Amino acid sequence: MPISGAKLYTANRQSCHGVKAVGMPKLGPVLKGEVAGWSFNLFERAVLTGVDDMGKTGFARDNGKAPTDTQLRDLQAYLKTLK
């Protein structure tokens, strides 16, 4: 399991998407499974712009500093480890 991806998830995504990325009602959708399997470009777009795989807005974007490509890859790699 990528440690930096797990730390990024815990610090930035867990409060809305749950401990194991299973989603939280009215806060954040499930991230494990389909989202974890998106191409990197689609995953990056969703995180940075808030546009999901269907081209719809609503995928939350943090208001802080944008993550680097390495951080995004680590985060996606961590999501792929969740069963």
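This is a predicted model: local features need pLDDT of at least 70, side-chain atom pairs count only at pLDDT 80 or more; totals for chains, interfaces and linings use all residues.
Visitor: What makes up the chain, in helices and strands?

Guide: There are 4 helices and 0 strands. Along the sequence the pattern reads α-α-α-α.

Visitor: How confident is the predictor in this chain?

Guide: The mean pLDDT is 84, and 89% of the residues reach 70 or more. Confidence is lowest in helix α1 (residues 3–12), with a mean of 86, and highest in α4, at 92.

Visitor: Why is H17 called buried?

Guide: Buried means under 20% relative accessible area. H17 has a relative accessible area of 6%, so H17 is buried. This residue is found in helix α2 (residues 14–17).

Visitor: Which residues does H17 touch, beyond those up to four places away in sequence?

Guide: H17 touches Y9, V22, G23, M24, G28, P29 and L31. As for P29, it lies 12 residues from H17 along the chain, and their C-alpha atoms are separated by 6.1 Å.

Visitor: And K7, why does that residue count as exposed?

Guide: Exposed means over 50% relative accessible area. K7 stands at 58%, and therefore counts as exposed. K7 has its place in helix α1. Between K7 and Y78 there are 9.3 Å from C-alpha to C-alpha, although the two are 71 residues apart in sequence.

Visitor: How much of the chain counts as buried?

Guide: Of its 83 residues, 35% do.

Visitor: Why are α1 and α4 called roughly perpendicular?

Guide: Angles of 65 to 115 degrees count as roughly perpendicular. The axes of α1 and α4 cross at roughly 90 degrees and come within 7 Å. The two helices are therefore roughly perpendicular to each other.

Visitor: Which residues make that contact?

Guide: From α1 come S4, G5, A6, L8 and Y9; from α4 come Q71, D74, L75, Y78 and L79. The residues of the contact of α1 with α4 divide into 6 nonpolar, 3 polar and 1 charged.

Visitor: How do you know that α3 and α4 are roughly perpendicular?

Guide: Helix α3 (residues 40–49) and helix α4 (residues 69–81) pack at about 105 degrees, with axes 10 Å apart. The range for roughly perpendicular is 65 to 115 degrees. So α3 and α4 are roughly perpendicular to each other.

Visitor: Which residues meet where α3 packs on α4?

Guide: F40, F43, E44, V47 and L48 in α3 meet D69, L72, R73, L75, Q76 and L79 in α4. By kind, the residues of this contact are 7 nonpolar, 1 polar and 3 charged.

Visitor: What makes up the largest nonpolar core?

Guide: A nonpolar core joins buried residues through side-chain atoms within 4.5 Å. The largest one here has 17 residues, and those with the most contacts inside it are Y9, A21, L31, F43, Y78 and L79. At least two residues of this core come from each of α1, α3 and α4. The most come from α3, with 5 residues.

Visitor: What is Y9 in contact with, leaving aside neighbours within four places in sequence?

Guide: Y9 is in contact with Q14, H17, G18, V19, A21, L31, L75, Y78 and L79.

Visitor: What share of the contacts with a separation of 6 or more joins residues 24 or more positions apart?

Guide: Such residues account for 48% of those contacts in the chain.

Methods:
Residues are numbered from 1 along each chain as its sequence is written. Side-chain values use heavy atoms; hydrogens and water are left out. Axes are lines fitted to C-alpha atoms, for helices over the stretch in contact, and angles run from 0 to 180 degrees between N-to-C directions. Angles under 35 degrees count as roughly parallel, over 145 as roughly antiparallel, 65 to 115 as roughly perpendicular and the rest as oblique. Contact means heavy atoms within 4.5 Å. Ala, Val, Leu, Ile, Met, Phe, Trp, Tyr, Cys and Pro count as nonpolar, Asp, Glu, Lys and Arg as charged, and the others, Gly among them, as polar. pLDDT is the predictor's confidence in each residue, from 0 to 100. Buried means under 20% relative accessible area, exposed over 50%, partly exposed in between (1.4 Å probe, protein chains only).
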